[in-house]
Amino acid sequence: MIPSIHKSGSETIGLIRYLYGPGTQEEHIDPHLVAAFDPLTPDPGRDPKATYEQLEHLLDQPVTALPASKRPKEHVWHLSVRAAPEDPILSDEDWAAIARRMVAATDIAPDGDEQACRWAAVRHADDHIHIIATLVRDDGRRPRRHNEARRAQAECRRIEADYGLRRVPPGDGTAAKRPTSAELHKAEREGREQSAREGLRETVRRAVAGATSEEEFFDRLASAGLLIRKRVAPSGDLLGYKVALADDRNGKMEPVFYAGSTLSPDLSLPRIRKRWSGDRDAAGRSDRAPSGRASDPTPSNPATARRRAATSVWQAVLVIDSGEGGQVAAHVAAAGEVLDALAKTSAAHTRTELREAALAFERATRSHIKSVRGHDRGLRQAARDLVYSGPALGRGEDGATTAMVIDMAFFLVTAAAHWHAKKGHAQQAAAAREAAGHLRAAYRAAADVPLGVLHQRGRRLSQSLRQRQTAHLRQAVPELAEQVLTEPGWHALAATLADAESSGHDPAALLAEAAARQELGTAGSISDVLVWRLRCLADLPADATPMPEHTTAAPKGGSTVRPSPSRHDRPHNAR
């Protein structure tokens, strides 16, 4: 159940006419009172003799009783309370009780207070009510409205429990503003998939992903087809910006602009600039080239970008597991950029789920814990690499590295959910868990073909080679070996171990490093997880291209050919 306290108004009659009127889309059905401060309050919806003006006069009496100089300019209070779509339809009696609880919780009309503000609750749809009140009590005083929004939310959580409704996680004031009813109706009328506010928020977030300068950011917005209006100080300094969809117009056929801060708290220009401030080294020097691009070469193809991103994401899980609060908050925010970049550049068969994952995780990227920028450079660079390497194909190395990075991203998002839960960030934790579900679905779509190829190759390994890989498995992870050997993915893992051996790695040592964390035992498919970790660690082709020869050659140089972090620096898998 969602309460929304709307901006205070100055005309009681205007709001009454809206509540009892047909609505912008003729969506108001049978408007009528369900409760009011006085049982004899006139109801223009059900009583043909009652008028809007009578209801206005009754509600406004305490206001008009004051001297004109003491009347508040904006005296009309408006609260809407909406049930979730899956909730049962509540009766008028239920909504009446809920209305009384809400005006009491917000101090509009505390229980037993005969001098409280005057109010009325109107129902014109199955799933919500509107409460109108005037902000002068019968004794001439003003109600105490401090923290009214938080108190309304808390009361809704209690109502949900009492009525068996969907339990909405409590918020902390960092969520992006939801589209208004008018915006939603306009989108439906115009046949849009989402409201203009939601579409702009998604586009701006994608423009931010991996960007390193104002010029680059605004170039991306323009390339996406948005109209841009910049706010410039007399000194010439840029203060802020607004954006609009080219085809979103008001009644005067003018573009409807939204400020970045109204799309989301972290999309204001000052907040975006803070992300760029982290793209500097300890001495304050930018680690970007003069053009604004990263000094490291942009990957020449999507597969390379995805492989790099998988490594960065894997390392980020460590920080979320054990880092300081500000560092973790920065990594969680940057993880959102990686998801936005993945959704923007992935092939059709994974794009929908990745987009849904990015949209869901957006809520998890903000909390009251302040991000310490700079620590997130690896993830922001990964997002940048993904954007500039271009769209990925759904097959070959592109498709397989997409599965690899989604696998890593799943654990990053899961770690973020655990961190938020420990901090008591209920909405953020729920959003991260929802994103993880979409990533799981995207992973299945991306991994099906490359793992299938590996599976077939594993089944074709010679008996002696398969026995050797089994011995490596039992040596490296004896506590998990029997479980892995019974999994369908064991053949793919055996092929990967054989590839690693042919490349000069010690399969047992590499496997022990990949499986170092005990949480691996909770993975849905341990063998799948180990396949991608091993192929990432050993720098093996993700698309399972056969190695030159699977022989009994001894490994070169012990553990691995190239240096890699120790097992204590590896994140865990918990899928």
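How many helices and strands does the protein have? The protein has 20 helices and eight strands; helices (H or I, at least four residues) and strands (E, at least two) are DSSP runs, numbered from the N terminus. The model is predicted, so local features need pLDDT of at least 70 and side-chain atom pairs count only at pLDDT 80 or more, while totals for chains, interfaces and linings use all residues. Residues are numbered from 1 along each chain as its sequence is written, and side-chain values use heavy atoms, with hydrogens and water left out.

**Overall features**

- Of the 575 residues of the protein, 53% count as buried; buried means under 20% relative accessible area, exposed over 50%, and partly exposed in between (1.4 Å probe, protein chains only).
- Among contacts between residues at least 6 apart in sequence, 73% join residues at least 24 apart, where contact means heavy atoms within 4.5 Å.
- The protein exposes about 25,700 Å², of which carbon and sulfur atoms supply 51%; accessible areas come from the Shrake-Rupley method with a 1.4 Å probe, and for residues only the protein chains shown count as cover.

**Helix α7**

- Helix α7 spans residues 214-223, and its buried residues are Glu-216, Phe-217, Phe-218, Arg-220 and Leu-221.
- An α-helix has 3.6 residues a turn, so residues three or four places apart point the same way.
- The elements against which the buried residues of α7 pack are the helices α6 (196-208), α9 (269-277) and α13 (377-389), together with the strands β6 (226-232) and β7 (238-245).

- Rolling a probe the size of a water molecule over the atoms shows where empty space is left.
- The second largest pocket holds about 390 Å³ of space.
- Its lining has 19 residues, and those closest to the centre of the pocket are Arg-271, Lys-274, Lys-370, Ser-371 and Arg-373.
- Two or more lining residues come from each of α9 and α11 (325-345), and α9 supplies the largest share, four residues.
- By class, the lining comprises five nonpolar, six polar and eight charged residues; Ala, Val, Leu, Ile, Met, Phe, Trp, Tyr, Cys and Pro count as nonpolar, Asp, Glu, Lys and Arg as charged, and the others, Gly among them, as polar.
- On a 1 Å grid over the protein atoms alone, a pocket is an open set of points where a 1.4 Å probe fits, with protein on both sides within 12 Å along at least five of seven lines, and lining residues have an atom within 4 Å of a point.
- Grid points are joined across faces, edges and corners, and a volume is the space filled by probe spheres set on the points.

**His-78**

- His-78 is placed in strand β3 (residues 76-82) and is buried, with a relative accessible area of 10%.
- The side chains of His-78 and His-130 are joined by a polar contact of 2.8 Å; a polar contact is a pair of N or O atoms within 3.5 Å, and within protein one must be able to donate a hydrogen and the other to accept it, with residues adjacent in sequence counting only if both atoms are side-chain atoms.
- Not counting residues up to four places away in sequence, the residues that His-78 touches include Ser-4, His-6, Leu-15 and Ile-131.

**Asp-92**

- Asp-92 belongs to helix α3 (residues 92-105) and is partly exposed, with a relative accessible area of 24%.
- Its side chain makes polar contacts with the side chains of His-32, at 2.9 Å, and Arg-123, at 2.7 Å.
- Asp-92 and Val-34 lie 58 residues apart in sequence, yet 5.7 Å apart in space, C-alpha to C-alpha.

**Glu-487**

- Glu-487 sits in the loop between α17 (481-486) and α18 (490-502) and is buried, with a relative accessible area of 11%.
- Leaving aside neighbours within four places in sequence, Glu-487 is in contact with Gly-524, Ser-525, Ile-526 and Ser-527.
- A polar atom of the side chain of Glu-487 lies 3.2 Å from the backbone nitrogen of Ile-526.

- Most residues other than glycine have a negative phi.
- Asn-147, in the loop between β5 (128-134) and α4 (148-163), has a positive phi of about 60° although it is not a glycine.
- Asp-539, in the segment after α20 (526-537), has a positive phi of about 55° and is likewise not a glycine.
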